[in-house]
Every structure is written in structure tokens, then in C-alpha cells.
Amino acid sequence: MMDLKSIDIKYMRMALRLAGKARGRTSPNPMVGAIVVKNGKVLSRGYHRKAGEPHAEAVALAKAGKAAKGATLYVTLEPCSHTNKRTPPCTPLVMQSGVKRVVVAMIDPNPHVSGGGIKALRKAGIEVLTGVLEADAKKLNEAFIKHVTTGMPFVTLKIAQTLDGRIATAAGESKWITGEEARKEGHRLRDRHDAILVGINTVLKDDPSLTTRVPRGRDPLRIIVDSKLRVPLIAKVLTQRSTAKTFIATLDSMPKDRLDKLLDAGAEILIVKEKSGQVDLKHLMRMLGSFGITSILIEGGSTVNASALRSGIVDKVVVFAAPLLMTGADSLCSIGGKSPARLSNAVRLHRVTSQWVGQDLMVEGYLRP
């Protein structure tokens, strides 16, 4: 017979799976799942589908109706106690539902909420348990957590390379280093992020569309880092139809006539601070964060990859390593610039995981413990 702790873990895991169904759809809100359980039976389920739609608790409790009285509510994030522009707070709904117990995976990091919802529930006489599968809940909403606590987007650097760290031959050939399954996973990553960022060299060399090619996929906002405004007016990021806008991050010193032409072509222009003659990536992240962008996927080339790591904006690295050896110092390394003189200054990844995606090895790690 299962003990209460095991039962709580079982239902919280179900709630987390529910929440994950809305990956890439809730920004700038978190993904949240909720389940109402009574006498060992699931009465109802709900999850937050996208920003502006009802919260998970509201959906689950509405489905349960009067049967929720005396039940346990499992929710992956602390019920909110404040009113935002589009949806009412969930804490009053929970109290009015008659549930006797609420199990929460993690406290809401939003300073407008943090602990307030739980305090209100306990004051109303409802038993509240927190921290059930907390680590899983935090990983699920890592982008939301960073954005709501710092104002900056969560940045993932994605690299597709050979086993010896190369992304193109000396002649520039790069299609395709990784296999079809890895490329599909790359598109799923695009679908889950608010925005995708590349440098101008990638646009000039590959002319990518930067769209998402998965069933029912969503195109991320496209960001081109182009300090000298070299992006061609016929580039796919400007001419290929997409539901996503294209932002070009550049410097204030660029000629107005060139800016006007790009604006006429449908691009949005972001004037960013200069650092060493280039776009200041940290300033760019602050700008994008202020727009409500919570997650960014970098699919840059060697130069952008190096600049992103040096600037300190990267939170996570995802590497797809193909079972190929390019050999030769003249092929293009996945991360450019100068290497550190000492091994102790190398970038060390934490919480590293790996899995096979087709014939390629996908390695994921975080830049901070």
C-alpha cells in the first residue's frame, strides 16, 4: 500500500506532465498543471494553455465543481494571490472550492506572489504541503524563473557539431553534420522558445528561414545580430512568410537610409549599445526581456557562439555531436575566438545529462551550478 508521500509524488508527476503540454505557449507566464484528487480518484485535471487563458487551478476546480469539497488539489506552482492584467487570482478560487489540502511543487518566484498564496490558504484553514518534486518543477519553468527574478531571458546555446568540435569544412560545407532525428529535435527546441537568435554571418552564408518545421509548431521571434546592417533585403528572414517578426539588432551609427529600407521590408530595428565595435549582447538581452521574452535559443555560428559565452548571457548549452571526425585545423570550430591559456579558465558545465537522438549524442549542461 502506498504511503502519503508516494501518493503525493504520483499525482504531482501527473500534474507536471500536464503542465508540460503547454511548452512554448504560456510565455511570459509559467507552465502550470493541476489535478483534483478525492478518495484515491482523480476528479479533474487542468493546465494553463497559454497567456490570457484560465490558470490551471481554475480549470481543474471548475471541472470538479462541488465534488472538490474535501479533496486534495495538486498544483505545480503556488496559486497566485495577485491580479494581473488578464486573469484573476487563483487563491480565492481554491478557498471557495472547499478543498481541504493543497500540495504545491514550488513556491512562485514572482516577488508579487512568493509565499502570499500559501499564506492565504493556510490562514483559511487549508493544509498546504510544499516542495513535492520541486526540482522537476523548477527545471520545467527555468525560463520563467530567470525572467521573473532578473528581467532577463533564459538563453540556450545550441550547437550541432562533429565529435572533434567542428561545424563546417574549410570550404564552408555544413549540411548536414547531424542526422535527421537530431535536426527534428532542433526544431522542437525552436518550438519551445520565444525567440531564436543568429548572427549576420549565418544569414549571409546559409540564408535560413529560422522557422519551426514540426506538426502544429510555432515560429519563434527571429533576432539577427547585425552591427553593420549587412542583412540582404531578399533574405528569407525578411521575405519568407511567418507568423513571427524579425528583429535586427544593430548600432546607432548605422545609416538611416539602410534602416528605412529594412523597416520597409518588414523588419523591426533594435538599436543596441556598442561594445568593442559590436552589439552588446547583454544589453540586447535586457531589451528583449523588457518585451516579455522569457527564452532565447541561439543557433549562431562560431563567432556568435563565442561572443555569447564571453558576454555571460548563456544559461544552458545543448550540443548535438555527430559520429564524425572532420580532422584538420582549417575546418571551422564550433566556438571561435581565443582559447584560455589555462584549463582552469575553461567553461565548465554543470548538471550534465546526455541521450542518443538517432545516431547523434545530445549533451545538455548548465553554465551555473
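Tyr11 is buried, with a relative accessible area of 5%. In this predicted model, 2 aromatic pairs are counted. In one of them, the ring centres of Tyr11 and Tyr74 are 5.4 Å apart and the ring planes stand at 40 degrees, so the pair is classed as tilted. An angle over 60 degrees would be needed for an edge-to-face pair, and one under 30 degrees for a stacked pair.

The two tyrosines belong to distant parts of the chain, 63 residues apart: Tyr11 is in helix H1 (residues 4-20) and Tyr74 is in strand S3 (residues 72-77). Tyr74 is also buried, at a relative accessible area of 2%.

## The surroundings of strand S3

Strand S3, which carries Tyr74, is mostly covered, with 6 of its 6 residues buried. Strand S1 (residues 33-38) pairs with S3 in the antiparallel sense through 4 bridges; here Val36 stands opposite Leu73 of S3.

Strand S4 (residues 101-106) runs parallel to S3 and is joined to S3 by 5 bridges. Within this pairing, Leu77 has Met106 of S4 as its bridge partner.

## The pair Phe247 and Phe291

Phe247 and Phe291 form an edge-to-face aromatic pair, with 6.2 Å from centre to centre and 75 degrees between the planes. Phe247 lies in strand S10 (residues 246-250), whereas Phe291 lies in the loop between helix H11 (281-290) and strand S14 (295-298), so the pair ties together parts that are 44 residues apart in sequence.

Phe247 is buried, with a relative accessible area of 11%, while Phe291 counts as partly exposed at 46%.

## A charge over a ring

An arginine is also placed against an aromatic ring: the charged end of Arg351 sits over the ring of Tyr366, 3.9 Å from the ring centre.

## The second largest pocket

The second largest pocket holds about 770 Å³ of space. Its lining comprises 37 residues, and those closest to the pocket centre are Arg23, Met31, Lys139, Leu140 and Glu142. By class, the lining has 13 nonpolar, 12 polar and 12 charged residues.

Technical notes. Residues are numbered from 1 along each chain as its sequence is written. This is a predicted model: local features need pLDDT of at least 70, side-chain atom pairs count only at pLDDT 80 or more; totals for chains, interfaces and linings use all residues. Side-chain values use heavy atoms; hydrogens and water are left out. Rings of Phe, Tyr and Trp (its six-membered ring) pair if their centres lie within 6.5 Å; planes under 30 degrees apart count as stacked, over 60 as edge-to-face and the rest as tilted. Buried means under 20% relative accessible area, exposed over 50%, partly exposed in between (1.4 Å probe, protein chains only). A charge sits over a ring if NZ of Lys or CZ of Arg is within 6 Å of the ring centre and within 35 degrees of the ring normal. Two strands pair if DSSP finds at least two bridges between them. On a 1 Å grid over the protein atoms alone, a cavity is a set of points where a 1.4 Å probe fits but cannot get out, and a pocket is an open set with protein on both sides within 12 Å along at least five of seven lines; lining residues have an atom within 4 Å of a point. Grid points are joined across faces, edges and corners, and a volume is the space filled by probe spheres set on the points. Ala, Val, Leu, Ile, Met, Phe, Trp, Tyr, Cys and Pro count as nonpolar, Asp, Glu, Lys and Arg as charged, and the others, Gly among them, as polar.
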